[in-house]
Amino acid sequence: MEVIIIGTDPPCPRCKETYERARKLVQEIDCMISVKKIVYSSEEAQNFGKVGTAHEVAQWAGINIDWDRVHELAEGEWTQELDDLLMPLKEKAEQESWLMTPVVVINGEVVHFGQVPEVNEIRSWITERKNHLRFRKYREKKSQKIIRNS
């Protein structure tokens with residue numbers, strides 16, 4: 001299983017916090033899961049859809065944001081206030097089917113974007129996909145057994 005965090009380079013506080021939450025969680029629950037970062041502008045990231053930073057989404061959508069406040073908040077560690085300030089951009093990105101950093105991808109599926117997810121959300125996404133993989137492997141083994149017995 002693979003978890004990918006699509007973000008900026010160097011990472012903004014939101015991308016950094018998302019990566020750290022995923023990395024720490026994976027260390028706790030399963031060392032067989034890899035966590036990697038990719039830059040939003042890379043071809044690999046763009047394969048998931050139109051990916052941009054909050055600033056780019058604001059430009060694409062023509063939305064005005066208090067960038068002075070955003071930059072002030074982004075100088076430190078991540079805060080919920082930063083995500084709250086950028087929420088209109090996340091909502092617009094969602095309406096337009098764009099992806100805004102940070103983006104969380106698990107096993108090739110975009111599961112979240114535009115804000116820092118809670119650790120329990122990440123845990124839930126990983127657990128759901130692990131259970132799905134186990135069920136799929138079980139069905140494959142069962143169908144192979146049926147074929148052999150035919």
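Let's start with R69, which lies in helix α4. Helices here are DSSP runs of H or I with at least four residues, strands are E runs of at least two, and both are numbered from the N terminus. R69 counts as partly exposed because its relative accessibility is 25%. On that scale, buried means under 20% relative accessible area, exposed means over 50%, and partly exposed is in between, using a 1.4 Å probe and protein chains only.

What does R69 touch? Leaving out residues up to four places away in sequence, R69 touches E81 and L85, where a contact means heavy atoms within 4.5 Å. R69 and L82 are 13 residues apart along the chain, and their C-alpha atoms are separated by 8.6 Å.

A quick word on what you are looking at. This is a predicted model, where local features need pLDDT of at least 70 and side-chain atom pairs count only at pLDDT 80 or more, while totals for chains, interfaces and linings use all residues. Residues are numbered from 1 along each chain as its sequence is written, and side-chain values use heavy atoms, with hydrogens and water left out.

Now let's step back. The protein has 6 helices and 6 strands, and along the sequence they follow the pattern β-α-β-α-β-α-α-α-β-β-β-α. Of its 150 residues, 39% are buried. If we take contacts between residues at least 6 apart in sequence, 63% of them join residues at least 24 apart.

G52 sits in strand β3, residues 51–52, and counts as buried because its relative accessibility is 0%. Its C-alpha atom is separated by 6.3 Å from that of T101, 49 residues apart along the chain. Setting aside residues up to four places away in sequence, G52 touches Y40, V57, W60, L99, M100 and T101.

The 17 residues of α1 should span 24 Å at 1.5 Å a residue, and the end C-alpha atoms are 24 Å apart, which agrees. The expected span is 1.5 Å times one less than the number of residues. Buried residues of α1 include P13, R14, C15, T18 and Y19.

α5 also has 17 residues, reaching 24 Å from first C-alpha to last, close to the 24 Å expected. Where is the kink in α5? A kink of about 50° lies at L86, shortly before the proline P88; the bend is the angle between axes fitted to the seven residues ending there and the seven starting there. L86 is also one of the buried residues of α5, along with L82, D83, L89, K90 and A93. Covering them are elements including α1, α3, α4, β4 and β6. After α5 comes S97, with a positive phi near 65°.

Finally, the largest pocket, with about 270 Å³ of space. A pocket is an open set of points on a 1 Å grid over the protein atoms alone, where a 1.4 Å probe fits, with protein on both sides within 12 Å along at least five of seven lines; lining residues have an atom within 4 Å of a point. There are 16 lining residues, with C12, T53, A54, V70 and A74 nearest the centre. α1, α3, α4 and α5 each give two or more residues to that lining. The largest share, 4 residues, comes from α4, the helix that also holds R69.

Technical notes. Points joined across faces, edges and corners; volume = space filled by probe spheres on them.
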